Every structure is written in C-alpha cells, then in structure tokens.
Amino acid sequence: MRVLGIETSCDETGVAIYDTDVDGLGNGAILAEALYSQVAVHAEYGGVVPELASRDHIRKLVPLMREVFGKAGLAYGHVDGIAYTAGPGLIGALMVGAATGRALGMAWDIPTLGVHHMEGHLLAPMLEENAPKPPFVALLVSGGHTQLVHVRALGDYELLGESLDDAAGEAFDKVAKMMDLDYPGGPLVANLALQGDATRFKFPRPMVDRPGLDMSFSGLKTATLYAIQDIQKQQGSLNQQDKADIAVAFQQAVVDTLAIKCRRALQQTELSTLVMAGGVSANLKLREKLATETAKLRAKVYYPRPEYCTDNGAMIAYAGAQRLAAGQSDDLTLKVKPRWPLNELLAVNELPEVV
Ligand code: KG4
Ligand code: ZN
C-alpha cells in the first residue's frame, strides 16, 4: 500500500509517500519526500503567526505534492491512501492539509485518514533501519508537548506524565527570545551552549524531588530570566559569552530534568527501551545524556535521524499507512482537532473489523 502523507500542523509543509511493501517481502520505505520550512516567514515576528502559516501552506502544498510524486517516479495520484495531520496544531494550518487531503481522496477515489501529529512523532523512529519494538517508553519533546508515554502497541498509549506548563521546546524558544536570538531558538541555544562555561550559572531542575512523572519548565524559564536581568542591570546588555553561559546552564537543567524523569519512567514500567522523538530530541546533549542514563539501566535508547525529529511528512505517511493498512479511514465528516489527547486514539489491533 502506498500512502501520501501531508503535514501542515504548524510552520513546516511536509509531504512524503510511504510504501508498506517496497520489495515484495513486506518491508516498508519512504519513496520520496519534500519539506518546506516557513521559518523565514515567522522569524521577524519572533514566533509562528497562525494566519501567515495557513496562507503559506496553501501556497506550498500542491507544488510539494507534485514534486514528491515526480521524485517517486509515480503519476500524480498513484497512491492507495492519503494521511494528513488532523491535530493537535494550529486550526487554520491543519485545515489546509485536511481539506486538501480529503478533496484529493474523493477525486482519486481512495481512503483518507486524519493522523495524530504526536503519534507521527512517536512512530518516526520506526522509519530507521534499527527500529524499536513495543513495548517501550517514549519521551515526546517538541515545541508544543513534553510527554512520557507507555507504548504497549501501535496505538495503545498510556500517558505517564507531561509538562504541566511550558513544553521543553517552548522553554528553549522563550529563553532564546530573552537573549534576542531568532525563532526557533532551540537549535541556536544548543549551538551557543557549546561555547558556554557550565560552572557560571546553576539553574533549578524543576519537580525532580517530587514523585511522579509530570514536569514543569516555567520556573526554570523564570530563573533564567532573572539571571539575564541581573546581567543587564550590571552591564546593560549581554555579551556573547554571557549568552553562551546562560545557554549551557539552561540546556543542562532541561536535559537533567528530562533524564531523571525518563529513568523513573523506565523503572516504574520495568521496560528496557526508551524512544525519544519530537524537535527537542535533535538536541545532542539530550541524546548523549539519555544514552549514558539508559546504559546504566541496561536499557536501550532509540531516536530518529535529525530531519525526522522535527516536523516532516514522512512520519505522517508512516503513521497513516499503519492505520489505513489496518482498515481505518475517515468517515464523512471533515474534522480537525487543535487539541487531541493521545490516549483517545484506538489501538490498531482494536480497530473494528473491515467489512
Ligand atoms: O516537533 P517540532 O518540529 O514541532 C512541534 O511539533 O512543536 O519541534 C520544534 C521544537 C522547537 O521548540 C525547537 O526550538 C525545538 O523543537 N528544537 C530544539 C532543537 N531542535 C529543535 N530544541 C533544542 N535543541 C535542538 N537541537
Ligand atoms: Zn511536531
């Protein structure tokens, strides 16, 4: 089964085609993909402007789809299903992918399916050669979510804990903004941290002394803001070294907090596989730390290649293909869900039988 995946939940337009059986032996692969990032459109506003995001998706989606069919060597429309991100995300941006996906599904007379964006992230490591097998603990760290999930099987998810306020990526972006860095700030903070003196500032590791797997990053963000304001009071503005010192201390506090919670989640579930996904899982310090922490527990950690950590069409094509192949597809209503708890999803093995 060949599935066209469409991602338009935020500020990247992603398109890909996944084939569930590329070699006749049941091995799946991405046939072609394309991604357009709107970062330049939003950079001057310091964050995503929803209306501009929707308009840009409209401009870019069809040309990207044509590009992907061309790259895959397929005639336009030669797929067996369409998967588009139906939520969570910006409603206008989601509507672009959903309306386009549904319209093409009707025109081409093939099934369509609205995919959960975070399930897409969660399954992205499955696109790698060395793919994890459920059950495992997933750490989902993106710009909008920070969650620990017990993945029993495809679609069978239990939320173990989450950030009660800012997501980790959002905290990275806000700290970047405090230091006048561009949007999205995560990679810029990570880059600055390379030159930082890790001994100059020590920020709190929020909620690590409390039991449970929930997290909070707003206190850390405030502590970082106070440190920035102290420097501003003393010397007017931050120089490059100050920014690097703040960046390294902030990044370390986020990484340590996530690592402590991941360790706890593995111990609590007695699982020995950790999967990380979402934009912040591209962070090298986080990858390094989770590799050492899981090794101590004799557990294994898996993550996607950097391009599949951030938003992309491939993860939506893959997640959609699993469900479409199992017989799930849209009903006659056109729905997008800006908010959509992950545990509302049906497990793939519990889907009603196809008749
Ligand atoms: O998953 P994603 O592309 O979009 C959402 O679904 O939110 O994640 C984007 C987030 C942004 O907050 C960005 O700053 C952060 O991921 N990010 C990083 C890094 N790369 C992206 N944060 C820290 N270190 C990075 N290397
Ligand atoms: Zn995302």
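Predicted model: local features only at pLDDT ≥ 70, side-chain atom pairs only at ≥ 80, totals over all residues.
1. Start with the division of the chain. The protein splits into domain 1, made of 2–124 and 309–350, and domain 2, which covers 134–303. Domain 1 is therefore written as two stretches, and domain 2 as one. The C-alpha centres of the two domains are 27 Å apart. Their contact draws 23 residues from domain 1 and 22 residues from domain 2.

2. Next, the area buried between the domains. Domain 1 and domain 2 together bury about 1,800 Å². Carbon and sulfur atoms account for 71% of that area. On the domain 1 side, three residues stand out: Met118, Leu122 and Cys309.

3. Now the ligand shell. How many residues surround ligand 1? There are 19, and the closest are Gly143, Asp173, Gly186, Gly279 and Asn283. By type, the shell holds 11 polar residues, six nonpolar ones and two charged ones.

4. Which helix gives the most to the shell around ligand 1? It is α5, with three residues. Three helices each supply at least two shell residues: α4 (117–123), α5 (168–178) and α6 (186–193).

5. Polar contacts to ligand 1 deserve a close look. A backbone N or O atom of Gly143 sits 2.8 Å from an oxygen atom of the ligand. The side chain of His121 has an N or O atom 3.0 Å from a ligand oxygen. At Gly169, a polar backbone atom is 3.1 Å from an oxygen atom of ligand 1. As for cover, ligand 1 has 560 Å² of accessible area on its own, and the protein covers 88% of it.

6. One runs from Gly87 to Pro88, with omega near -15°. Pro88 belongs to the loop that links β4 (81–87) and α3 (91–108). Another runs from Pro134 to Pro135, with omega near 5°. Pro135 is in the loop between α4 and β6 (136–141).

7. Asp180 is not a glycine, yet its phi is positive, at about 60°. Asp180 sits in the loop between α5 and α6. Both of these helices are among those that supply at least two residues of the shell around ligand 1.

8. The protein covers 88% of its accessible area, and its shell is made up of 19 residues.

Methods. Residues numbered from 1 in each chain as written. Chains lettered and ligands numbered in written order. Heavy atoms only, no water. Near = heavy atom within 4 Å. Polar contact = N/O pair within 3.5 Å; in protein donor to acceptor, adjacent residues only side chain to side chain. Areas by Shrake-Rupley, 256 points an atom, 1.4 Å probe, with all protein chains shown as cover. Helix = DSSP H or I, 4+ residues; strand = E, 2+ residues; numbered from the N terminus. Nonpolar A, V, L, I, M, F, W, Y, C, P; charged D, E, K, R; others polar. Contact = heavy atoms within 4.5 Å. Buried area = accessible area lost by both parts, 1.4 Å probe.
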